[in-house]
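Here is a friendly tour of the model shown below. Keep the viewer open as you read.

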Amino acid sequence: MARAVTTQRKALNTAIAWAIGLLIFFPILWTILTSFKTEAQAIADPPVFLFFDWTLENYAVVQERSNYMRFLWNSVFIAGGSTILGIIIAVPAAWSMAFVPSKRTKDILLWMLSTKMLPAVGVLYPIYLIFIKLGILDSRLGLTVVLMLINLPIIVWMLYTYFKEIPGEILEAARMDGASLRNEILYVLTPMAIPGIASTLLLNFILAWNEAFWTLNLTAAQAAPLTAFIASYSSPEGLFFAKLSAASTMAIAPILILGWFSQKQLVRGLTFGAVK
Amino acid sequence: MATQHSRSAARLMMAPAVILLLGWMLVPLIMTLWFSFRKYLPLRGGDQGWVGLENYARFISSSSFWPAVQTTLIIVGGVLIITVAFGIVLALLLDQPMWGQGVVRILVIAPFFVMPTVSALVWKNMFMDPVNGILAHLWKFFGAEPVQWLSQESLQSIVMIVSWQWLPFATLILLTAVQSLDSEQLEAAEMDGAPFLKRFWFIILPHLSRAITIVILIQTIFLLSIFAEIFVTTGGAFGTRTLTYLIFQRVLESQNVGLGSAGGVYAIILANIVALFLMRIVGKNLDT
């Protein structure tokens, strides 16, 4: 008897949760579906849901017209480059803060976090000016460095919280056995730290991929990543819903897939260990 | 435990990150401060010298300042209310036993991974377009007049788009907090006959208060500087010019760097007030 009630309740929960989940997901689903329609079907009244002539034409047109691959490559380069660069700089820093803490470690961590709070628009012109003076406006390199810097505090923080979970006794044991600092890092810590580093990599790649202030303001034709490519669709000519959908789907698909793997890290990475 | 040797090594290892962030923070900050005290029009005469606090006074007394503050407050406040309220409901719902929990969770979280320019454009065209958008079809289906979303109801539309993007974040963090709730306490209350609302008010909500505070603080910092959503939907027209957007226009569109920089200093101060509260909570958590 009791079991029947719980099953009933479970069914009710399931129905409500799925309805809400699908409603929230609907804009993404609709974008993906529309990308396979013809322009006429995309604006059909009443809207067609699944029963239309599926076509890949839009994807071909988007690539042909706007050289989509170049924007994609810029996104991969900038997001990937800034993340890897950030990890290389952050691993030693996070390592030393986690394993050789001093009185100032906490202050340094909090200060790093505070640089993340600086509103980008407040320093827009100085960065713009520096970029012009250095000749790196609209260059992939310049943007890579800026995105590395804005995500560096998050990278350090995430790595720090992961490193903190590695038991100190293991390090002591290694030291007792006469392992040098270099060997300690290379052979003892690194293998244990790899899952944490991978999670950090994943989340920061996503954040850098989706960043849409500096990528819009510091690029033009050359270094523009997908965020800027999509923004160029904001003043359309003629029928374009299906093409917009195809371009959007291509821009978000890789990240949606990566995002599935990074749900847990999202909480850790964006709350700085304040919610567990 | 740590030797002198490892201490100096540690300092050396921290140096690159610290120096880079210090430079990233100080150099542009000092430049912004410097520009804010000067009459600086790069396209119309360049740097025309020291003007004291004139930019600060002009930025505040300009006719677009208070509307921008109001717009900012409405967007930040509206999105916070929507995301926190629905976030709590969703977190409690997702915590219940059900079939396909993992899949539902992914469906709910997905909008967070959509880049801001995509979500803004998809909403603007495929949903809010007054002729061909889904919402227009829906309104017509029920015999109502389609709404000109982004021109007549511009602020509500932006709040809606941004809330859709940030609801997953609030939900995910609140869900993490709900899952750490002591279920025995809840069961005891249930057995004592406490109705759901009482259990929610006296047990669940107090338990979530910390997570809610953190969601509010972190979102406020990010929401104060939303940009792409306005850039691609209205371009700041129809009363959607936020403080961030106003400063952007002053600096890059009308190239009045002195005035824009003064605005930037205001934005930095505002963000720091919020950040101070957040840092205090995060700092407390570091000790434990």
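## How the chains meet

Two residues are in contact if their C-beta atoms, placed from the backbone, lie within 7 Å. The model is predicted: local features need pLDDT of at least 70 and side-chain atom pairs count only at pLDDT 80 or more, while totals for chains, interfaces and linings use all residues. Residues are numbered from 1 along each chain as its sequence is written, and chains are lettered from A and ligands numbered from 1 in the order in which they are written.

Between the two chains, chain B puts 85 residues into the contact and chain A puts in 83 residues. On the side of chain B that touches chain A, helix H1 (residues 4-36) of chain B supplies the largest share, 18 residues. Helices (H or I, at least four residues) and strands (E, at least two) are DSSP runs, numbered from the N terminus. That side of chain B divides into 67 nonpolar, 17 polar and 1 charged residues. Here Ala, Val, Leu, Ile, Met, Phe, Trp, Tyr, Cys and Pro count as nonpolar, Asp, Glu, Lys and Arg as charged, and the others, Gly among them, as polar.

## Two domains in chain B

Chain B splits into domain 1 (34-64 + 241-288) and domain 2 (73-239), with bounds from an automatic or database domain assignment. Taken over C-alpha atoms, their centres are 30 Å apart.

Where they touch, 13 residues of domain 1 of chain B meet 13 residues of domain 2 of chain B. On the domain 1 side, H13(B) gives the most, with 7 residues. The residues on that side are 9 nonpolar, 3 polar and 1 charged.
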